[in-house]
Amino acid sequence: GLATPLTQPELLNPANGSQDVNLNSVDFEFQAVPGAQAYRVEVSIDPNFQNKALSFYTDEVILPAGSTITIRGVNLSAKFAGAGRLFWRAGARNVNDQPGPAPWAGDTRGQYRYIWSVPFSFVPVETPPPAP
């Protein structure tokens, strides 16, 4: 079968270079992609997203056509506590493509191949040291 040609999602928030982002509740916002219904965000300390052990993935969201996608209240504090700069990107796919994006070989989490955006970065808010 054919695969739907998709453009890369355009990221909106957190804006590239944002400072003091609260890792307890991050809202990710990006432009919807014509022809895509499924979206996911990947966050990593690896700017190239090569080491998947350093990444966090939101659950995939299936959405009807719209202009913007917002994935709200993502808690990154457990995975990235004490991290410096973080990188994020959004992925889009068409759920009806056959054969379409296939799961990565050996991936037990059911990850699919996405059309990924150009990454943005942000810096988490500094957390105070624990009380003595």
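**Chat: strands, core and salt bridges of a predicted chain**

Guide: The accessible surface of the chain comes to about 7,400 Å², and 53% of that belongs to carbon and sulfur atoms. Keep in mind that this is a predicted model.

Visitor: What share of the residues count as buried?

Guide: Of the 132 residues in the chain, 38% count as buried.

Visitor: Among contacts between residues at least 6 apart in sequence, what share join residues at least 24 apart?

Guide: That share is 74%.

Visitor: Let's go inside. How many residues are in the largest nonpolar core?

Guide: The largest nonpolar core has 24 residues. Those with the most contacts inside it are F28, F30, V43, L76, W88 and F122.

Visitor: Which strands each supply at least two residues of this core?

Guide: Strand 3 (26-31), strand 4 (38-44), strand 7 (68-74), strand 8 (86-93) and strand 10 (120-124). The largest share, four residues, comes from strand 8.

Visitor: Take F30. What is F30 in contact with, leaving aside neighbours within four places in sequence?

Guide: P9, E10, L11, L12, Y39, V41, S67, T68, I69, I71, W88 and A90. One of these, L11, stands opposite F30 in strand 3.

Visitor: How do strand 1 and strand 3 pair, parallel or antiparallel?

Guide: Antiparallel, over two bridges. They belong to an open sheet of three strands in the order 1-3-7, with antiparallel pairing.

Visitor: Which strands stand at the edges?

Guide: Strand 1 (11-13) and strand 7. Each has a single partner strand, so one side of each is left without a neighbour in the sheet.

Visitor: By what angle are neighbouring strands of this sheet turned against each other?

Guide: By 20° on average, direction ignored.

Visitor: Switching to charges. How many salt bridges does the count come to?

Guide: Four salt bridges. One of them joins the side chains of E42 and K52, at 3.3 Å, N to O. E42 lies in strand 4 and K52 in the loop between strand 4 and strand 5 (55-57), so the pair ties together parts that are ten residues apart in sequence.

Visitor: Is E42 buried or exposed?

Guide: E42 counts as buried, because its relative accessibility is 0% and the cut-off for buried is under 20%. K52 counts as partly exposed, at 26%.

Visitor: Which residues are linked with E42 in a network of salt bridges?

Guide: K52 and R89 are linked with E42 in that network. The side chains of R89 and E42 meet at 2.8 Å, N to O. R89 lies in strand 8 and E42 in strand 4, so this pair ties together parts 47 residues apart in sequence. R89 is buried, with a relative accessible area of 12%.

Visitor: Now R93. Which residue does the R93 side chain meet in a salt bridge?

Guide: E60, at 2.7 Å, N to O. R93 is in strand 8 and E60 in the loop between strand 5 and strand 6 (61-62), 33 residues apart, so the pair links distant parts of the chain.

Visitor: How do R93 and E60 count, buried or partly exposed?

Guide: R93 is buried, with a relative accessible area of 8%. E60 counts as partly exposed, at 24% relative accessibility.

Key
Residues numbered from 1 in each chain as written. Predicted model: local features only at pLDDT ≥ 70, side-chain atom pairs only at ≥ 80, totals over all residues. Heavy atoms only, no water. Core = buried A, V, L, I, M, F, W, Y, C linked by side-chain atoms within 4.5 Å. Buried < 20%, exposed > 50% of the residue type's maximum accessible area, 1.4 Å probe, protein only. Contact = heavy atoms within 4.5 Å. Areas by Shrake-Rupley, 256 points an atom, 1.4 Å probe, with all protein chains shown as cover. Pairing = 2+ DSSP bridges. Axes fitted to C-alpha atoms, helices over the stretch in contact; angles between N-to-C directions.
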